[in-house]
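I open this notebook to record, entry by entry, what I looked up in the structure.

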Amino acid sequence: MEALFLTLKLAFFSTLILILLATPLAWWLAHSQFKGKALVEALVALPLVLPPTVLGFYLLIFLGPQGPGGWLASFWGGNTLAFSFSGLLIGSVIYSLPFVVQPLQNGFQLIGVKPLEVAYTLKASFWDGFKNVILPLAKPAYISAATLGFAHTLGEFGVVLMIGGNIPGETQVVSIAIFENVEAMEYSQAHLLSALLLIISFTLLSIIYKTRKQQGAGLL
Amino acid sequence: MKMDKSKQTSLEIDFSIEKKHFRLKAQALIKWQKPGIHVIFGKSGCGKSHLLRAIAGLEKAQGTINFQEVSWLNSQQGTHKPCHQRDVSMVFQEGQLFSHLNVIENLQFSFKRSHANQQDWQHCIQALNLQPLLNKSVSQLSGGEKQRVALGRSLLSKPALLLMDEPLASLDWASKQEIMPYIQHICQEWSLPILYVTHSLDEVMQLADNVIMLEKKDNQSHIEKMGPLLELLQDVQHGFNQSAQAGSIINGTLIESPNEFHNLDRIQLKQNILFTNKNSGIKKGPIRLRIQASDVSLCLSQPSDSSILNILPVSILDISPQDNGQSLVQLDLDGQYLLSRISTHSVERLNLHTGQSVFAQIKAVALQRPV
């Protein structure tokens, strides 16, 4: 059960960071005329196609003693971010980035700039308009993005294995624990965890498809 | 509530907008001596909306904009007042109400951010007859109702200048007729200077006090002419001569109609009299009419067995063939300019020529508004 708690904690914080990070990025991608935009979009989408091992390998180098992650860790006396919860969090955020950015980007594109312009002409500043017009209109997109990001982090395996290893309470998430249980022939434990993950994922996806149907009432 | 009527509003613009396919140069001093509607018009694609958006601060422009001595834009000095700090409000096409808010919340969005008071709120609801709509959701409203709410929402932000960007373009004829009196009423009642963009001749005729004509040549647009509508009537009509809306404006006087005319109105021109269907709303007195070119046909002699009431003697001023097999014939009717669209084949068959006296049969006459 420690693994389950850790998994939920990881998914929760990843989603939180992702929403904060993806909001400006998705807004920019939705509205920028910048020529190099396609490159940025491709970069964001990379985790969709790369084998988790490739991503994990680069992250391992990046987070390790020789990379910026190790340098960062030296501030609190460590020498690496790999094999730690923080390292896992960074990995999750990158791994799930496209699953949060894309729904938000689509949502923002669907809304367009018109509602914001209308808000401007009614004496609302950018932040005022963004908070009181764009965010409420983008609510379905945010529900999709958050649920997808959360669910996808739950299912993470390869990246975690590469950069997190298998430390109970620190980096051993459910997917890894299942793998270990099976290896150790402890099928009953594997059954329990698998069923739990199945139910949680199914519930989350149901929420997404439910909100997608309501999204039609986005903008008039 | 009413502002000092003697107060003059002035908007000074001198800027250019660069777009991929065209360039707009706009230089003008737009003045409102009293509340009134200045209509910006020109063919579609000539940059009318860009002009309006630049004034609102929604579009990038190079140059200067001064409103009532306040600088909104001065690209040389690097000043660009953002839209929400300019004292304007804008009514967009299709209203653009916020769909996550209902009608009253849409109005409150603007009310909360302006210095309008409770009295303004009441006045606005009353003037636009919004009471029955307040608790409806935006999706329940008709096109005309949406535009009424949008107009109210803009009023409640108490702007010093109201911009309207083709507000009636997506409405059907009946809704347009329903909204236009509201716009005129609001303009007078709130002493509000309005800058109004349209490509519809009907709207120009019914709403404009002044017109600003945009002209596009070789991907360059500029302000061709501006002034009171009555002085520029000819030019305004010329702008539409090529389009399906081609027609003419006739000034006349609505006079008493004896009962024998069965609910027809009579309009006195210099010598002739025009008949129209009864218009209950308009009072006797000077009036402006609009006659579509396609509603006017010509005959060489006065037919006595026609059901058409309006058959008037005219003389031909000019005949210009168009590429679609039709010709526009300019006629002199009691010293006023009347336009007729007939087939080029008919022109040849009847051997029509400049200076000839003929008879014009007018199928329909639309009353526009009192002058």
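I began with strand β17 (residues 310–321) of chain B, which is joined to strand β20 (residues 357–362) of chain B by 6 bridges, the two running antiparallel. Strands here are DSSP runs of E with at least two residues, helices are runs of H or I with at least four, and both are numbered from the N terminus. Two strands pair if DSSP finds at least two bridges between them. Opposite Val358(B) in β20(B) I found Val314(B).

I noted that this is a predicted model, in which local features need pLDDT of at least 70 and side-chain atom pairs pLDDT 80 or more, while totals for chains, interfaces and linings use all residues. Residues are numbered from 1 along each chain as its sequence is written, and chains are lettered from A and ligands numbered from 1 in the order written.

I then followed β17(B) to strand β18 (residues 326–333) of chain B, with which it pairs in the antiparallel sense over 6 bridges. In β18(B), Gln330(B) is the bridge partner of Asp318(B). The two strands form a hairpin with 4 residues between them, and Gly325(B) in the turn has a positive phi of about 85 degrees.

Next I looked up the contact between the chains: 21 residues of chain B touch 15 residues of chain A, a contact being C-beta atoms, placed from the backbone, within 7 Å. On the chain B side, β7(B) gives the largest share, 3 residues.

Last, I examined Val211(B). Beyond its neighbours within four places in sequence, its contacts include Val39(B), Phe41(B) and Met226(B).

Notes. Two residues are in contact if their C-beta atoms, placed from the backbone, lie within 7 Å.
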